[in-house]
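Subject: Structure for your files, with notes

Dear colleague,

I am passing on a structure that I would like you to look over. Please open it alongside the notes below, which are meant to be read with the model on screen.

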Amino acid sequence: MEYLIIGAGGTGGCIGAYMTEAGKDVTMIARGAHLKAMQAGGLRMETTKKGNYTVSPVKVSDMEHYEGHPDVIFVCVKGYSLEETVPFIRRAAKAETVVIPLLNLYGTGGKLQTRLPELLVTDGCIYIAAEIREPGCLWQNGDIFRVVYGVREPSEYREVLAEVKKDLEDSGITALLSDQIQRDALQKFSYVSPAAACGQYYDAMAGDMQKPGEIRDTFAALIGEVDRLADAMGIHFEGDIVKTNLDILDSLTPEASTSMQRDVKKGKESEMDGLIFEVVRMAKKYGVELPMYEKIAKALKPL
């Protein structure tokens with residue numbers, strides 16, 4: 001199958017690198033210095049699991065010059081850049097193309113589906129700690145690499161989704177084709193949102209949250225609040241979500257942080273609204289008290 005990955009940062013770039021290594025037909029969409037560096041010398045990977053190596057050549061383009069019509073499109077951009085992908089997806093897709101968004105924000109697939117009614121857009125999420133270290137180079141600082149995706153309605157299922165799972169697993173990526181994707185996507189959100197909120201509030205990295213004390217306790221409390229919100233939404237996680245997410249945190253290298261924190265530090269646009277303030281808005285909608293989220297949201301930006 002032919003794959004297109006929109007966004008070649010920590011998420012899309014790692015998927016593209018692993019799948020290219022495995023011989024899959026993958027083109028990544030990038031821009032600026034990162035695009036030029038990959039065109040010139042491939043994609044350098046610095047990892048804690050596989051060591052340092054370069055994937056070369058890689059197929060990479062900008063939106064303007066891409067001329068393919070892929071079977072599958074992974075959307076791996078930041079939430080604030082999602083809107084600009086819509087016209088490009090519409091131009092690149094054929095009738096049978098499946099779109100799989102892998103963003104930090106909850107509910108992205110449903111929102112994108114309303115903009116692209118002619119295509120099948122699944123929901124999805126990804127577990128990975130990775131970032132652009134410099135143009136043409138990604139730093140994957142942790143062993144976890146799992147893609148979760150699925151349709152919201154059973155009637156939307158297509159066999160191509162099982163082929164995607166096989167191709168991801170052939171590439172060394174753990175893949176879960178979920179029959180409860182809204183639950184599973186919210187479960188991922190129950191990690192990344194508390195991590196972003198706690199990390200930004202305390203200016204903390206993973207190592208700070210791995211140590212017993214106030215920062216770790218705050219992270220755990222935020223997870224518990226998302227759990228309460230999920231219950232109010234009629235979504236029930238399996239097992240102890242606090243322990244599950246603490247285990248994920250503890251698997252990371254101490255210097256790991258969320259992409260939201262890194263964007264804020266650089267003075268760039270960030271996903272703070274969708275990761276933190278949206279939780280407070282959802283809590284009001286569903287009539288749930290989330291005191292820790294409210295405290296942090298008030299400190300970061302009055303609502």
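The notes below take the sheet, then a helix beside it, then several single sites and a pair of helices.

The model is predicted, so local features are reported only where pLDDT is at least 70 and side-chain atom pairs only at pLDDT 80 or more, whereas totals for chains, interfaces and linings use all residues. Residues are numbered from 1 along each chain as its sequence is written, and side-chain values rest on heavy atoms, with hydrogens and water left out.

The sheet

Six strands make up an open sheet in the order E5-E2-E1-E6-E7-E8, with parallel pairing. Strands E5 (59–61) and E8 (120–121) stand at the edges with a single partner strand each, so one side of each is left without a neighbour in the sheet. Strands here (E, at least two residues) and helices (H or I, at least four) are DSSP runs numbered from the N terminus, and two strands are taken to pair if DSSP finds at least two bridges between them.

Going through some of the pairs, E1 and E2 run parallel and are joined by five bridges, one of which has Ile 29 in E2 as the partner of Ile 6. E6 and E7 are also parallel, with four bridges between them, and E7 and E8 pair in the parallel sense over two bridges, where the bridge partner of Val 98 in E8 is Leu 120. Four of the five residues of E2 are buried, which leaves that strand mostly covered; buried is used for under 20% relative accessible area, exposed for over 50% and partly exposed for what lies in between, with a 1.4 Å probe and protein chains only.

In E7, Val 98 and Ile 100 point one way while Val 99 and Pro 101 point the other way, and all are buried. Val 99 counts as buried because its relative accessibility is 0%. Val 99 is the bridge partner in E7 of Ile 73, and the two residues, although 26 apart in sequence, have their C-alpha atoms 4.8 Å apart. With neighbours within four places in sequence left aside, the contacts of Val 99 (heavy atoms within 4.5 Å) are Ile 73, Val 75, Ile 89, Leu 112, Leu 119, Leu 120, Val 121 and Thr 122.

Helix H3

Which residues of helix H3 are buried? In this helix, residues 82–92, they are Leu 82, Thr 85, Val 86, Phe 88, Ile 89 and Ala 92.

Single sites

His 34, in helix H2 (residues 32–41), is buried with a relative accessible area of 9%. Beyond residues up to four places away in sequence, His 34 touches Ala 8, Leu 43, Ile 132, Glu 134, Pro 135, Gly 136, Cys 137 and Leu 138.

The peptide bond joining Ser 56 and Pro 57 is cis, with omega about 0°, and Pro 57 has its place in the loop between strand E4 (52–55) and E5. Asp 203, a residue other than glycine, has a positive phi near 50°; this residue is found in the loop between H6 and helix H7 (206–210) and, at 54% relative accessibility, counts as exposed.

Helices H6 and H12

The axes of H6 (residues 181–202) and H12 (residues 291–300) come within 10 Å and cross at roughly 50°, each axis being a line fitted to C-alpha atoms over the stretch in contact, with angles running from 0 to 180 degrees between N-to-C directions. The contact is made by Ser 193, Pro 194, Ala 197, Gln 200 and Tyr 201 of H6 and by Tyr 293, Lys 295, Ile 296, Ala 299 and Leu 300 of H12.

With best regards
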